[in-house]
Amino acid sequence: MLSEFVKTADFKSEKHVPVIECADRVAAGQALGITVTVGKEIAHPNTTNHHIAWIALHYVPAGAKTSIEIGRCEFSAHGASVEGADKGPACTDSTLTIRAKLAASGTLYATAYCNIHGLWSSEKAVTVA
Ligand code: FE
């Protein structure tokens, strides 16, 4: 299973781990602002050859058997240009910001993909009251 290759760790010591930031509690139906960042404590490289390609955010309501994809962001600019690698004028930061209305308590799961070091994930519980 692909899940065997999804790594996790403490984001304070491992630069690939996505960090989910949002309120711990939210009212049902109220928009919850969620930000997912890779490299919050230790910067991850953002070069043509080594970068975070995308972040996806899933939500699993308590007791559910299936995750729901809340959203995803592809980071497409990594310094490439006709002048060559790392000579371009744009690099996308690896941050996803999104809002979602949740009807039940559950867990948010962030997955980030580094083009060299693969898949990394983290999770955060959210209480919906
Ligand atoms: Fe990496």
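Mentor: Lys and Arg count as positive and Asp and Glu as negative, while His and the chain ends are not counted. On that basis this predicted model has 11 positive and 12 negative charges, and their mean positions are 7 Å apart.

Trainee: What makes His16, His44, His50, Cys114 and His117 donors of the iron ion?

Mentor: Donors are N, O and S atoms within 2.8 Å of the metal. The atoms here are NE2 of His16, His44 and His50, SG of Cys114 and ND1 of His117, lying 2.1 to 2.4 Å from the iron ion. These distances fall within the cut-off of 2.8 Å, so the atoms count as donors. In sequence the donor residues are spaced H-x27-H-x5-H-x63-C-x2-H.

Trainee: Why is it said that the pair His50 and Cys114 ties together parts that are apart in sequence?

Mentor: His50 lies in the loop between strand E4 (31-38) and strand E5 (52-61), and Cys114 lies in strand E8 (residues 106-114), so the pair joins parts that are 64 residues apart in sequence. Both His50 and Cys114 are buried, which means a relative accessible area under 20% for each.

Trainee: Why is Thr95 called partly exposed?

Mentor: Its relative accessible area is 33%. Buried would need under 20% and exposed over 50%, so Thr95 falls in between.

Trainee: Where does Thr95 lie, and which residues is Thr95 in contact with?

Mentor: Thr95 belongs to strand E7. Leaving aside neighbours within four places in sequence, its contacts are Thr35, Val36, Thr37, Ile55 and Phe75. Each of these has heavy atoms within 4.5 Å of Thr95, because that is what contact means.

Trainee: What makes the largest nonpolar core a core?

Mentor: A nonpolar core is a set of buried residues of listed types, Val, Leu and Ile among them, joined through side-chain atoms within 4.5 Å. The largest has 21 residues, and those with the most contacts inside it are Ile20, Ile34, Val36, Ile55, Leu108 and Val126. E4, E5, strand E7 (95-101), E8 and strand E9 (118-128) each supply at least two residues of this core. Not counting residues up to four places away in sequence, Val126 touches several residues, including Leu32, Leu102 and Leu108.

Trainee: How many helices and strands does the protein have?

Mentor: There are 0 helices and 9 strands. Of the 129 residues, 38% count as buried.

Key
Residues numbered from 1 in each chain as written. Predicted model: local features only at pLDDT ≥ 70, side-chain atom pairs only at ≥ 80, totals over all residues. Heavy atoms only, no water. Donors = N, O, S within 2.8 Å, 3.2 Å for Na, K, Ca; no water. Helix = DSSP H or I, 4+ residues; strand = E, 2+ residues; numbered from the N terminus. Buried < 20%, exposed > 50% of the residue type's maximum accessible area, 1.4 Å probe, protein only. Charge placed at Lys NZ, Arg CZ, Asp CG, Glu CD.
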